[in-house]
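Thanks for coming. I will take one structure today and go through a few of its residues.

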Amino acid sequence: DFTVETWIYYNSAGANSSTITDFRSGSTGTNFLIYLGPSATLTFYATGAARITGNTMSTGQWYHVAVTRASGSTKMFVDGTQVGSTFADSYNYAQTDVYIGSDYTTATLTLNGYIDDLRITKGFARYTGNFTAPTLTPPIL
């Protein structure tokens, strides 16, 4: 079980995806990443495929994003509401690397925006259903 949650602020979509967090150390393996695709679609990618596809994010706005796994069910939430389908997830993620705002190459797929209050919880799914998102005290941009 785990929770990865953060606030994101997206400036603009580019030709490439924009990584929020990447737990992979290479292009193979079972670890996962959370990113915005070229069309600004929020995506949970694991074990070589997009497993949960969520909302299209607007620029110039803060969003609370959370991905949780509880008892083999991974869910993604935006502002406290589940988006996309629940992913039946039995993979043993063995993260040794964490990249924030960039993918594992650190040269591409960087986030054109901001991340605030990133929290990673190992061993506990903080959210298993829709919830009231925490309040953000927006940083000065």
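**A threonine and some rings**

Leaving aside neighbours within four places in sequence, Thr21 is in contact with Val4, Leu33, Ile34, Tyr99 and Leu118. Before I go on, please keep in mind that this is a predicted model.

Where does Thr21 lie? It belongs to strand β2, which covers residues 18–22. Is Thr21 buried or exposed? Its relative accessible area is 1%, and the cut-off for buried is under 20%, so Thr21 counts as buried.

One of the contacts of Thr21 is Tyr99, and Tyr99 sits in strand β9, residues 99–100. Tyr99 has a relative accessible area of 22%, so this residue is partly exposed. Tyr99 and Phe23 are 76 residues apart along the chain, and their C-alpha atoms are separated by 6.4 Å.

How many aromatic pairs does the structure hold? There are 13. Take Phe32 and Phe44 as one of them: the ring centres are 5.2 Å apart and the planes stand at 45°, so this pair is tilted. Phe32 is in strand β3, residues 32–36, while Phe44 is in strand β4, residues 41–46, so the pair ties together parts 12 residues apart in sequence. Both Phe32 and Phe44 are buried.

Notes: Residues numbered from 1 in each chain as written. Predicted model: local features only at pLDDT ≥ 70, side-chain atom pairs only at ≥ 80, totals over all residues. Heavy atoms only, no water. Phe/Tyr/Trp six-rings, centres within 6.5 Å; stacked < 30°, edge-to-face > 60°. Helix = DSSP H or I, 4+ residues; strand = E, 2+ residues; numbered from the N terminus. Buried < 20%, exposed > 50% of the residue type's maximum accessible area, 1.4 Å probe, protein only. Contact = heavy atoms within 4.5 Å.
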